[in-house]
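Colleague: Could you walk me through how to read a few features of this model?

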Amino acid sequence: MWDSIVIGAGQAGLSTSFHLRRLGVSHLVLDANPRPGGAWQHRWDSLTMSDVHGVSDLPDAPVPPARGPERANDFVPGYFSDYERRYELPVERPVVVQSVRDEDGALRVEAQDGRTWHSRTLVNATGTWRRPFLPSYPGRDSFRGEQLHTAGFPDPEHFRGKRVLVVGGGLSAVQFLGMLRPITDTVWVTRREPVWRTGEFNEQAGREAVAQVEERVRRGLPPRSVVSVTGLLRRPQEEEAARLGAYERRPMFERIEPDGVRWADGTFERVDVILWATGFRPDVEHLAPLRLRSPLGGIQLGDTVATSTTAVADPRVQLVGYGPSASTIGANRAGRVAARAVARQLQPAPAQAS
């Protein structure tokens, strides 16, 4: 019986493991990936460290400076791997967790390969990468061209000479348009009018954004991404695409046809590729047997700083990499809060006065 099991060894999971070790909590980290690096190891090869919006330091280990335009899917996994070794974090991989259920007061963690573990507490740090979201639109299955999601984005050269429809209003869409418009024709569609951030995105702005996302999960609503409240930023490397008209956004189409998309007014655009930059959903289906969801559709978390990672429906369960901690802005703080909450949960109940 473990005191705690952490599911996921990305930024939030490693931060949690570091703090659990500091607190003397016996624990195991189960990671679905074949090697260290969390979701970063699955990013496209053309994404360099000069392209990413920043990687937060893991506890007690500043991110080393990148040497030139290093690939993010090499650099960040290397940083995570060194961190696991340096602090001797107890990571076991690959382990794909299929379900977590209550068993006589303990939490039974079941893997797809049949292995099981038992624990007094659980920290879920699975993030979102394995749950890409593809919206349903009439005619989607009739499209004869290529459809891709952010999770399967290849090298930009793959798109040269093709007309690409980019769907989505987040930072990934902005980055894709920045890469693609200088080498091919693009069309950008979003459900809402994009909101561009004009001020500097500093640490204070990051904290304010995290606080707004936290408010949703405290109420039990499904979480939104941090970027949904920060607004969109264009970097210097995207200015050429902007000059070429990449960010002249159009509203969402009504339906998809074999050779393109059509709007309600009858306007038609022929495209060769639909690139769905439509985000991800929290990877929490394995927690379904614990019935953590609120009537509002999300997993409600505590309403104080000390309980901000604690599932209201079952205080044995902490969620990091969920809602406000799904970005590196909030992941490290969430790891520390979750570890402390685990330690409190493991303390014996006070004796009742006679």
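Predicted model: local features only at pLDDT ≥ 70, side-chain atom pairs only at ≥ 80, totals over all residues.

Colleague: With which residue does Glu269 form a salt bridge?

Modeller: The rule first: a side-chain nitrogen of Lys or Arg must lie within 4 Å of a carboxyl oxygen of Asp or Glu. Here Glu269 pairs with Arg250, with the closest N and O atoms 2.6 Å apart. The pair ties together distant parts of the chain, Glu269 in strand E13 (residues 268–270) and Arg250 in strand E10, 19 residues apart. Glu269 itself is buried, at a relative accessible area of 16%. By the way, helices (H or I, at least four residues) and strands (E, at least two) are DSSP runs, numbered from the N terminus.

Colleague: How far apart are Arg85 and Asp82 in helix H2?

Modeller: They sit 3 residues apart in H2 (residues 72–86), which means a separation of about one helical turn. Arg85 is exposed, with a relative accessible area of 54%, and Asp82 is partly exposed at 45%. Overall, the structure holds 31 salt bridges, and Arg101, Glu103, Arg108 and Glu110 are linked in a network of them.

Colleague: What order do the strands of the open sheet have?

Modeller: Two strands pair if DSSP finds at least two bridges between them. The 5 strands here run E7-E14-E8-E9-E10, with parallel pairing. E7 (146–149) and E10 (250–251) are at the edges with a single partner strand each, so one side of each has no neighbour in the sheet. E7 and E14 (residues 273–276) pair in the parallel sense over 4 bridges, and Leu148 stands opposite Leu275 in E14.

Colleague: Which strands does helix H3 touch?

Modeller: Contact means heavy atoms within 4.5 Å. H3 (residues 171–180) packs on the sheet and touches E8 (164–167), E9 (186–190) and E14. Its direction makes about 170 degrees with that of E9; axes are lines fitted to C-alpha atoms, for helices over the stretch in contact, and angles run from 0 to 180 degrees between N-to-C directions.

Definitions and conventions
Residues numbered from 1 in each chain as written. Heavy atoms only, no water. Buried < 20%, exposed > 50% of the residue type's maximum accessible area, 1.4 Å probe, protein only.
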